[in-house]
Amino acid sequence: MIHIIVNPGGASGRTMDYFRKKILPLFSGADYEIHFSSQSDSLTQIASRLTDSSSRKESFVNLAVVGGDGTLNEVLNGIQDFEHTRVGLIPSGSGNDLARGLELPSDPGEIVKRILREETLRQMDVGQTILHDRDVSMLFAVSSGIGFDAQVCHMASDDSVKGVLHKIGQGKLIYLREAVKLILSWESAPAQITYERREGETKDVVRVQDELVFAAGMNHKYEGGGFMLCPKAEADDGKLDLCVVHNLSKTEFFRFFLGAFKGKHVKHKECVTQARRRSVRIQAQRPLWVHVDGETRYTSVDAQFRTAEVRLNLMV
């Protein structure tokens, strides 16, 4: 049995049309059940109900998620039993950074063929974001960030042009549009960055950034619709790749983002710090937006990104 989970409002309504015309026919003859999210039954609630071990009737619960990174994130945060849950992603979103990071085929038919096998083809680390000042914990699949990148995500979610770009299949451009707008008004924030110690070290590494732009914990290479913030990130190594950006002038800002599409920003070591750790904590002197897989709900002055104790079984 495959449980197909769909957000009808995804991609400004484009997901629903895509699902009915392109995806549903590919499941013809299969044993499946469709679950549409609604205001009264969220994606997280659906996933929670389906993966509750007390109601599980089969050895594995197979979830086929139709949507983008945000849709997958909501499902991820609802999974109750990771060990006995398998997930397949059929991308239909703005950025599709998870699909890009997993190098999924562009042909949805090939993806559905893998899902129909109902097998675990690989496993992936799961990230966890903890907001210590809000007593909040959230899981993420792709990345989580605090500062500039999160505020771009927040602005993109409210942009009236987003629906138009989705309709022409260019939803990822919304992130670039908002980034350019925000560069002109961005104010950096002093922050303390605490990296978990490496094996053999006796103390955590503490650095003070007097002009923090953003800090991101990356499970995959890409975020924001294709920005390669951590070119060496691997989603199954048990660690997060970290990108901390600081002390950028307005002119350097534009150069940074042009280079980040191909990961060339990492050579600017005077303003870009890359590290690989299980955990990093950012304590800022003013509240900054925080995103998990591009979704923003909170600002925080004390955020931690770490690898979670669970792994995600993938059918793709």
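User: Where does Glu118 lie?

Analyst: Glu118 is in the loop between α5 (108-116) and β5 (122-131). Helices (H or I, at least four residues) and strands (E, at least two) are DSSP runs, numbered from the N terminus. This is a predicted model, in which local features need pLDDT of at least 70 and side-chain atom pairs count only at pLDDT 80 or more, while totals for chains, interfaces and linings use all residues. Residues are numbered from 1 along each chain as its sequence is written, and side-chain values use heavy atoms, with hydrogens and water left out.

User: Why is Glu118 called partly exposed?

Analyst: Buried means under 20% relative accessible area, exposed means over 50%, and partly exposed is in between (1.4 Å probe, protein chains only). Glu118 has a relative accessible area of 26%, so the label is partly exposed.

User: Which residues does Glu118 touch, not counting residues up to four places away in sequence?

Analyst: They are Met1, Ile2, Asn62, Arg86 and Met315. Contact means heavy atoms within 4.5 Å.

User: What makes the pairing of Glu118 with the side chain of Asn62 a polar contact?

Analyst: A polar contact is a pair of N or O atoms within 3.5 Å; within protein, one must be able to donate a hydrogen and the other to accept it, and residues adjacent in sequence count only if both atoms are side-chain atoms. The side chains of Glu118 and Asn62 make such a contact at 3.0 Å.

User: Is Thr129 buried or exposed, and why?

Analyst: Thr129 has a relative accessible area of 0%, so it is buried. Thr129 sits in strand β5. Beyond four places in sequence, Thr129 touches a set of residues that includes Val136, Phe140, Ser144, Val290 and Phe305.

User: What joins the side chains of Thr129 and Ser144?

Analyst: A polar contact of 2.7 Å joins these two side chains.

User: Why does Thr15 count as buried?

Analyst: The relative accessibility of Thr15 is 1%, and therefore Thr15 counts as buried. Thr15 belongs to helix α1 (residues 14-23).

User: Which backbone oxygen lies 3.1 Å from a polar atom of the side chain of Thr15?

Analyst: That of Ser92. Ser92 is also listed among the contacts of Thr15 outside four places in sequence, together with Val6, Asn7, Gly10 and Val66.

User: How do you know whether His268 is buried or exposed?

Analyst: The relative accessible area of His268 is 16%, so His268 is buried. His268 is in the loop between α9 (250-260) and β13 (272-277). The C-alpha atoms of His268 and Ile282, 14 residues apart along the chain, are separated by 21 Å.

User: What is the phi of Asn247?

Analyst: Asn247 has a positive phi of about 55° although it is not a glycine. Most residues other than glycine have a negative phi. Asn247 is placed in the loop between β12 (240-246) and α9. At 32% relative accessibility, Asn247 counts as partly exposed.

User: What is the phi of Asp293, and where is this residue placed?

Analyst: Asp293 has a positive phi of about 55° and is not a glycine. Asp293 is in the loop between β14 (279-292) and β15 (295-314). Its relative accessible area is 7%, so Asp293 is buried.

User: Why is Pro108 called buried?

Analyst: Pro108 has a relative accessible area of 18%, so the label is buried. Pro108 lies in helix α5 and is in contact with Tyr18, Ile23 and Leu26, leaving aside neighbours within four places in sequence. Pro108 and Leu26 are 82 residues apart in sequence and 8.6 Å apart in space, C-alpha to C-alpha.

User: How do you know whether the radius of gyration of the chain agrees with a compact globule?

Analyst: The radius of gyration is taken over C-alpha atoms, and the globule rule is 2.2 Å times the number of residues to the power 0.38. With 316 residues, a compact globule would be near 20 Å; the chain has 19 Å, so the value agrees.

User: What share of the 316 residues is buried?

Analyst: Buried residues make up 53% of them. The secondary structure of the chain comes to nine helices and 15 strands.
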